[in-house]
Amino acid sequence: MSSMDSQRRVVSGMRPSGRLHLGHYHGVLKNWVRLQHEYECFFCIVDWHALTTDYESSGEISQNVMSMAVDWLAAGVSPSSATLFIQSQVPEHAELHLLLSMICPLGWLERVPSYKELQQNLQDKNLDTYGFLGYPLLQAADILLYRAGLVPVGADQLPHIEFARDVARRFNHLYGREDDFESKAEAAIRKLGKKTSRLYVSLRKNYQEQGDVEALNTARAVIKEQQTITIGDQERLYGYLEGCGKLLLPEPQALLGEAPKLSGLDGGKMAKSNSNAIYLRDTPTEIEEKIRRMPTDPARVHRSDPGEPTRCPVWQMHLAHSEEAVCQWAEQGCRSAGIGCLECKAPLIDSIKADLAPLQERALDYEQNPDLVRSILAEGAERARDEARETLIDVRQAMGLNYR
């Protein structure tokens with residue numbers, strides 16, 4: 001895959017740690033549904049990552065995997081528009097993780113912010129394991145295996161994407177310099193034909209001598225259009241263009257989501273561990289009971305007391321689910337004490353039920369046809385393996401592990 005193509009490829013994953021809730025829906029799944037029509041997307045259920053913290057209670061992982069797949073499909077992630085698969089069904093993830101572990105400095109892993117944070121937050125678990133220390137490298141392998149240019153993440157995951165870039169950069173530095181690289185690149189230029197060769201040389205000169213970014217982008221497009229040269233020659237031409245060696249693993253960039261974090265029922269971050277979530281497949285009765293029990297602005301002790309919506313988790317949910325007219329009604333009614341808290345919650349209950357009803361209907365269809373879900377994941381794994389094998393052929397060859 002060329003560096004130009006990598007910018008059209010997106011990779012993302014999710015741990016199968018339990019039922020999905022509204023936070024996942026607004027923060028991740030809606031974004032995936034949009035991205036699948038704009039990019040080539042690979043969405044992975046990362047079951048090996050679940051083992052890094054839950055290895056002592058692994059019995060639920062397979063059940064969580066199937067439940068997650070159903071939720072993805074019901075939310076609109078389509079197997080005809082994206083590749084959906086389970087991490088452990090693509091063993092190439094493990095091989096690339098192993099090979100990258102040979103070049104990854106130990107200090108890099110120990111400096112990842114989430115390493116110490118999770119150890120402090122999960123003190124009831126024994127996380128003094130190699131797997132837990134190395135999970136950012138496994139995450140990097142998940143991304144680099146598909147030579148993805150973009151990874152949709154929240155701001156808290158930015159250090160992990162930077163880590164993946166560092167790993168790719170180190171790998172390319174160690175192994176991207178071929179013997180006789182310049183002569184092989186010059187030979188690749190001659191294969192372009194006289195007219196295209198002259199254009200490539202001119203664009204390369206303009207970029208390297210004048211910093212002309214437009215010339216760089218044009219040259220990349222010219223390389224991408226060539227159908228008569230090998231992928232290896234394409235990579236040499238990309239590297240030669242930018243003054244480096246053969247580009248083996250493109251450095252991924254973060255694609256920050258636009259959706260804000262959805263507050264939970266108590267105003268904190270919505271999470272299963274906080275027991276403050278509305279799950280995608282909660283029944284209408286469960287949704288109503290949860291919202292009716294939600295705390296509101298503590299300053300509204302009496303019905304006649306005016307409130308402040310920004311202090312109320314119900315208001316945050318209105319912003320995510322209710323139409324603008326309802327939000328204005330709720331905001332004005334709260335501040336003027338024109339409506340009570342239960343009255344304010346009523347349209348929110350109706351809105352969330354309406355939002356989830358079509359999703360739950362589709363989920364029921366998939367639940368009743370588990371063989372279809374397994375088939376979708378198996379076909380996705382085959383497509384993912386096809387891409388992964390190509391990457392590993394190049395990686396093995398670069399590391400001197402090519403015995404054929």
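Which residue does the side chain of D71 meet in a salt bridge? The partner is R281, and the N to O distance is 2.9 Å. A salt bridge here means a side-chain nitrogen of Lys or Arg within 4 Å of a carboxyl oxygen of Asp or Glu.

## Before we start

This is a predicted model, in which local features need pLDDT of at least 70, side-chain atom pairs count only at pLDDT 80 or more, and totals for chains, interfaces and linings use all residues. Residues are numbered from 1 along each chain as its sequence is written, and side-chain values use heavy atoms, with hydrogens and water left out.

## A closer look at D71 and R281

D71 lies in helix 4, while R281 sits in the loop between strand 5 (253–256) and helix 15 (284–292), so this pair ties together parts that are 210 residues apart in sequence. Helices (H or I, at least four residues) and strands (E, at least two) are DSSP runs, numbered from the N terminus.

The two partners also have their own surroundings. D71 is buried, at a relative accessible area of 2%, and R281 is partly exposed, at 27%. The terms work like this: buried is under 20% relative accessible area, exposed is over 50%, and partly exposed is in between (1.4 Å probe, protein chains only).

## Three domains

The protein is divided into domain 1 (3–176 + 369–399), domain 2 (180–242) and domain 3 (281–366); these bounds come from an automatic or database domain assignment. Between domain 1 and domain 3, the C-alpha centres are 34 Å apart. Their contact (heavy atoms within 4.5 Å) takes 15 residues from domain 1 and 11 residues from domain 3.

Together, domain 1 and domain 3 bury about 1100 Å², with 59% of it on carbon and sulfur atoms. Buried area is the accessible area (1.4 Å probe) that two parts lose on being put together, summed over both. L22, V70 and A74 supply 40% of the area that domain 1 buries against domain 3, more than any other three residues.

How many salt bridges are there between domain 1 and domain 3? The count is 2. The side chains of R19 and D282 meet in a salt bridge at 3.6 Å, N to O. On the side of domain 1 that touches domain 3, the elements giving two or more residues are helix 2 (22–35), helix 4 (61–75) and helix 19 (370–398). Helix 4 gives the largest share, 6 residues.

## Other salt bridges

Side chains of opposite charge can pair when their charged atoms come close. The structure holds 25 salt bridges. One of them joins R385 and E92, with the closest N and O atoms 2.9 Å apart. R385 belongs to helix 19 and E92 to helix 5 (residues 92–101), and 293 residues separate the two. R385 is partly exposed, at 21% relative accessible area, whereas E92 is buried, at 6%. A network of salt bridges links E92, R385, D386 and R389.

R169 and E251 form another salt bridge, again with the closest N and O atoms 2.9 Å apart. R169 is in helix 10 (residues 158–175), and E251 is in the loop between helix 14 (231–241) and strand 5, 82 residues apart. R169 is partly exposed at 38% relative accessibility, and E251 is partly exposed at 28%.
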